[in-house]
Amino acid sequence: RETKTGGVSSTISAQAAHRKGEGGEIQRMAKAVKRPSAWHPPPGAKLSRNQIFRHRRRAVEYYAQYLGLDLRLDSELLWLAEEGLYAPVPQDYKELYDLNGTPYYYHLATKTVTWQHPLDSVYKEKLRGMRNIHDLADPNIGKIRTWLQEVGRGKEGDTPTKKFQTTLYRRALQLFTGSVLLICLLASAIYVGIEVWRVRQLMYTPGPILAQIAGAMGYSDAAVEAGLVFYTGHGVIPKNSTQALAWFLLAADRQDVRGLRMAATILFKGEGGVEKDTIRASKLFYRAAAMGDHFSQSYYGLIHYQGSGVLKNDGIALVWTKRGAEGGDATGMMVYGVMFLEGRALTRNIETAYKWLLLAQRYGGDDSSVQDKVKGYVEYAYTHLGELARIDAQRAAAKFEEAMPMQE
């Protein structure tokens, strides 16, 4: 790939060899290592940004393949190939062209000529190093690369036996892939059949058929609506918490936050003859709380505050009831305030407790389960606070209400 010369005269002799039709070996060498050229917009051409990007991207991909990159596995390294393609020639080299327009490079110090761009070997090493780092970071990529090298297409110079083996491997791979695809299709069909059979057990003839059918087809909102029909009773349909729970769990399986919340509530309270299961309710509340549901955040904190089916944990209870309280949930406000009142919120702060208990009263509305419990706590905090502290707490509560008005 390199031809040593005694000076610039070697460049002239190389050009003369091309003119005379000689130097066939040099011509073949140049053709064998022909480097993809960098693309630049033609002068005066009016091209859109998308057209410029496509042409430039195509040139970079050709150069990446020239350096030995597999575009299927190394596409994220194209930036390095682009850098190498458009890198300027080093200062100690001079780029010249033969009569065919093929570039070659003259080293000013060593007075040698090479057909290969001086930076190609540098970027090949860089890309090889980056590729090794990626293979170490993701072993699966390395395995795929090794496998492709073993069963890839026959290369130029391979013997007929080698090419036959490569073709055999490729066809075996196609057969294997087809078999796996067929198995996946059969498994999907079986799964759909099982799902249809399972949700068919949920159907209740007198109910709103459209909501049930939509829920059975996988629409989580419809499954929740069907569950609410049985949870509250609808027309001639009596309340049925067991049937409602089945629909809510179907929606919960599809990550519907309302389905998670309602299923957890039924299990936590043991409503309508459903067996109470605080452990399962805790898991459902956590999934909904993680999705930002303030009601579930409050109840998940309440479960750890009470130790209902789990170990008491004031740290977890404080974090989640605080999120629920700041989101406007009355239960979260009540539990969060009581934790300050009892000194279980890192410290005892009756003024802060009074603020959140007042808010729980106001945000609790007609919910007797909240109002009956909060009333006694508010009276206790009121009697243990001075007048100025009560005023400060009331102002803080009013400020919170201004920032987050109660929803109708």
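In this predicted model, Phe400 counts as buried, because its relative accessibility is 14%, under the 20% cut-off. Phe400 belongs to helix 18, which spans residues 387–403. Leaving out residues up to four places away in sequence, Phe400 touches Ala325, Glu326, Met333, Trp356, Leu359 and Tyr363. Phe400 also lies 9.5 Å from Lys355, C-alpha to C-alpha, although 45 residues separate the two in sequence.

Apart from neighbours within four places in sequence, Met333 is in contact with Ala325, Gly328, Trp356, Leu359, Ala360, Tyr363 and Phe400. Met333 also stands out in the largest nonpolar core, which has 64 residues. Met333 and Phe285 have the most contacts inside that core. A second core is separate and has 17 residues, among them Val60, Leu78, Leu119 and Tyr123. In soluble globular proteins, nonpolar side chains tend to be buried together.

Helix 4 covers residues 78–85, and helix 5 covers residues 120–137. Their axes come within 10 Å and cross at roughly 175°. This angle is over 145 degrees, and the two helices are therefore roughly antiparallel to each other. On helix 4, the contact is made by Trp79, Leu80, Ala81, Glu83 and Gly84. On helix 5, Tyr123, Lys126, Leu127 and Met130 take part. The residues of this contact divide into 6 nonpolar, 1 polar and 2 charged.

Methods:
Residues numbered from 1 in each chain as written. Predicted model: local features only at pLDDT ≥ 70, side-chain atom pairs only at ≥ 80, totals over all residues. Heavy atoms only, no water. Axes fitted to C-alpha atoms, helices over the stretch in contact; angles between N-to-C directions. Helix = DSSP H or I, 4+ residues; strand = E, 2+ residues; numbered from the N terminus. Parallel < 35°, antiparallel > 145°, perpendicular 65-115°, else oblique. Contact = heavy atoms within 4.5 Å. Nonpolar A, V, L, I, M, F, W, Y, C, P; charged D, E, K, R; others polar. Core = buried A, V, L, I, M, F, W, Y, C linked by side-chain atoms within 4.5 Å. Buried < 20%, exposed > 50% of the residue type's maximum accessible area, 1.4 Å probe, protein only.
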